[in-house]
Amino acid sequence: RTFASLITAQSDDPEFQTAFQEYVPKEVDRISKMIETLINYARPPRERKDTIEMGELVQDCMSLAYLSSKKNIPMECDVPEGFSVYANGDQLRQALVNLLINAIEAVEIKMSRPDVRAEEPLGVRVTGYREDDRFVLEIFDQGSGMSEEDILQCTDPFFTTKKSGVGMGLALTKQYVKENNGQLEIESVLGEYTKMRMIFKEETAYET
């Protein structure tokens, strides 16, 4: 808005033109992304669901998330064959990618600390298992962890500890899991680790 108000008066100024070209596209992209996220958060649940083979979904999402890693964070996957969830695949994919990227970034933050001297590379692990009549998909990272206060707030819209974060990733993840008859559980210790669990009930999760 500031740049737009100055176009008439300073459009011939080379410094203004350079600054305009640098900042306006980035800010437009940021605003566009925020609006798109808000629309996804506010829109009614999508009813299109199908049988999702979780092993394949996890592998795809891990490949996508790995591309965001700046330090080649080690990633492990232990999801047995045959576990399926009846859900919206697009929602589940977005939820899992959000959790994986958060996990990777938490490890990167921890590794950047001068006091961290890990004998082995810190990493991220995804496991799938049955617990009574529920299917659990757990994303574990050896990253920076969260305080108890952050755990309580981290799924609230616009809450973020990142300098460039919008604060909608976990809010959207929680909503997507809920819309697919699941729940999101969070366990974390500041400075040590974080576990994010997507838990699905028996009627939506089963073994083929």
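Visitor: How long is the polar contact that joins the side chains of glutamate 138 and tyrosine 129?

Guide: This is a predicted model, in which local features need pLDDT of at least 70 and side-chain atom pairs count only at pLDDT 80 or more, while totals for chains, interfaces and linings use all residues. Residues are numbered from 1 along each chain as its sequence is written, and side-chain values use heavy atoms, with hydrogens and water left out. A polar contact is a pair of N or O atoms within 3.5 Å; within protein, one must be able to donate a hydrogen and the other to accept it, and residues adjacent in sequence count only if both atoms are side-chain atoms. The side chains of glutamate 138 and tyrosine 129 are joined by such a contact, at 3.4 Å.

Visitor: With which arginine does the side chain of glutamate 138 make a polar contact?

Guide: Glutamate 138 is found in strand S5, where a strand is a DSSP run of E with at least two residues and a helix is a run of H or I with at least four, both numbered from the N terminus. Its touching residues, where contact means heavy atoms within 4.5 Å and residues up to four places away in sequence are not counted, include Arg125 and Arg197. The polar contact, of 3.0 Å, is with the side chain of arginine 197.

Visitor: Is glutamate 138 buried or exposed?

Guide: Buried means under 20% relative accessible area, exposed means over 50%, and partly exposed lies in between, using a 1.4 Å probe and protein chains only. The relative accessible area of glutamate 138 is 8%, so this residue counts as buried.

Visitor: How many helices and strands does the protein have?

Guide: Read along the sequence, the pattern is α-α-β-α-β-β-α-β-β-α-α-β-β-β. The secondary structure comes to 6 helices and 8 strands.

Visitor: What span does helix H3 reach from its first C-alpha to its last?

Guide: Helix H3 covers residues 54–66, which makes 13 residues. The expected span of a helix is 1.5 Å times one less than its number of residues, and H3 comes close to its expected 18 Å. From first C-alpha to last, H3 reaches 18 Å.

Visitor: Within what arc do the buried residues of H3 fall?

Guide: The buried residues of H3 are Met54, Gly55, Leu57, Val58, Cys61, Met62 and Ala65. An α-helix has 3.6 residues a turn, so residues three or four places apart point the same way. The arc is that of the directions from the helix axis to the C-beta atoms. Seen down the axis of H3, the buried residues line one face of the helix, because they fall within an arc of 155 degrees.

Visitor: Which residue caps the N-terminal end of H3?

Guide: At this end of H3, a side-chain oxygen of the capping residue lies 3.1 Å from the backbone nitrogen of glycine 55. The residue that carries this oxygen is glutamate 53.

Visitor: How many of the 11 residues of H6 are buried?

Guide: Among the buried residues of H6 are Leu170, Gln175, Tyr176 and Glu179. Helix H6 is largely enclosed by the rest of the structure, because the number of its 11 residues that are buried is 8.

Visitor: What is the relative accessible area of asparagine 180?

Guide: Asparagine 180 lies in the loop between H6 and S6, and a polar atom of its side chain is 2.8 Å from the backbone nitrogen of asparagine 88. In the loop between H6 and S6 there is also asparagine 181, which counts as partly exposed because its relative accessibility is 38%. Asparagine 180, by its own value, is buried, with a relative accessible area of 0%.

Visitor: How many disulfides does a search of the whole structure find?

Guide: A disulfide is a pair of cysteine sulfur atoms within 2.5 Å. Cysteine 77 is partly exposed at 30% relative accessibility, whereas cysteine 154 is buried, with a relative accessible area of 5%. The number of disulfides found in the whole structure is 0.
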